[in-house]
Amino acid sequence: MLRKLKDRAAAMKTISELLTKAEEIAHRRGAAQPGAEHLVSAALQLPDGTAARALERIGRTPADFDAALIAQEADDLERIGIHVDHDRISTELPPPGDPVGVYRSEPSAQELFQAAGQDARRGGGTLVGAHVLRAATSLEHGPTARALLRMGIDSSELRQAATAVIDEQRTT
């Protein structure tokens, strides 16, 4: 009973950190609401370190993912004739405010979050960042999928790495 309460408290803390960080990242990057890509970036920064370790197992880093997202966004905008100077934008954007009210996110973030939660429950464990990363390997479209593709990441290889890290986490 005590173990279940501890696991539930740990899951709630992870969820709070994940959603708060995703919102901060989205606002810092000029998005009104977080999308799946912001949720993945947040998972890569969680204190449990599982998502970052999974990415590192295949020779990539969280910084590589963020760089791929930024480059992919620039490419997408260039295709429609818009050139973006991220350095200039980041200095001109007002600092993000504190989240207010009910947590809101893009449908892509909601779907990814639900898939990660279901994945954790199916495995009988507590939600960790690697669950978010593993769920993200199922995405076929959108900024997250394009960033992973840009990084040359094979989804099945990343999924295996995330699974290994989740399994290791359970045994500790």
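Modeller: The largest nonpolar core has 37 residues, and Val 40, Phe 65, Leu 112 and Val 132 touch the most other members. Keep in mind that this is a predicted model. H1 (2-28), H2 (36-43), H3, H4 (62-79), H6 (107-123), H7, H8 and H9 each supply at least two residues.

Start with Leu 112. Setting aside neighbours within four places in sequence, Leu 112 is in contact with Ala 36, Leu 39, Val 40, Val 132, Ala 135 and Ala 136. Two of these partners, Val 40 and Val 132, are also among the core residues that touch the most other members.

Now follow Val 132 into its helix. Val 132 is one of the buried residues of H7. H7 is mostly covered, with eight of its eight residues buried. The list runs Gly 129, Ala 130, His 131, Val 132, Leu 133, Arg 134, Ala 135 and Ala 136. It includes a histidine and an arginine, His 131 and Arg 134. The buried residues of H7 pack against H1, H2, H3, H6, H8 and H9.

Take the partner H3 next. The axes of H3 (residues 50-57) and H7 (residues 129-136) come within 6 Å and cross at roughly 50°. That angle makes H3 oblique to H7. On the H3 side, the contact is made by Thr 50, Ala 51, Ala 54 and Leu 55. On the H7 side, Gly 129, Ala 130 and Leu 133 make the contact. By type, the residues of this contact divide into five nonpolar, two polar and no charged.

H3 has another residue worth a look, Arg 57. Arg 57 has a relative accessible area of 43%, so it counts as partly exposed. Not counting residues up to four places away in sequence, Arg 57 touches Ala 161, Ala 164, Val 165 and Glu 168. Arg 57 and Ala 164 are 107 residues apart in sequence. In space, their C-alpha atoms are 9.5 Å apart.

Ile 153 lies in the loop between H8 (143-150) and H9 (155-171). Beyond residues up to four places away in sequence, Ile 153 touches Leu 55, Ile 58, Arg 60, Leu 148 and Leu 158. Ile 58 and Ile 153 are 95 residues apart along the chain, with 8.1 Å between their C-alpha atoms.

Back to H2, which holds His 38. His 38 is buried, since its relative accessible area is 6%. Leaving aside neighbours within four places in sequence, His 38 is in contact with Ala 22, Ile 25, Ala 26, Arg 29, Ala 31 and Gln 33.

Last, the whole chain. It has nine helices and zero strands. Of its 172 residues, 37% count as buried. Among contacts with a separation of 6 or more, residues 24 or more positions apart account for 70%. The chain exposes about 9,900 Å², and carbon and sulfur atoms supply 53% of that area.

Terms used:
Residues numbered from 1 in each chain as written. Predicted model: local features only at pLDDT ≥ 70, side-chain atom pairs only at ≥ 80, totals over all residues. Heavy atoms only, no water. Axes fitted to C-alpha atoms, helices over the stretch in contact; angles between N-to-C directions. Helix = DSSP H or I, 4+ residues; strand = E, 2+ residues; numbered from the N terminus. Parallel < 35°, antiparallel > 145°, perpendicular 65-115°, else oblique. Contact = heavy atoms within 4.5 Å. Nonpolar A, V, L, I, M, F, W, Y, C, P; charged D, E, K, R; others polar. Core = buried A, V, L, I, M, F, W, Y, C linked by side-chain atoms within 4.5 Å. Buried < 20%, exposed > 50% of the residue type's maximum accessible area, 1.4 Å probe, protein only. Areas by Shrake-Rupley, 256 points an atom, 1.4 Å probe, with all protein chains shown as cover.
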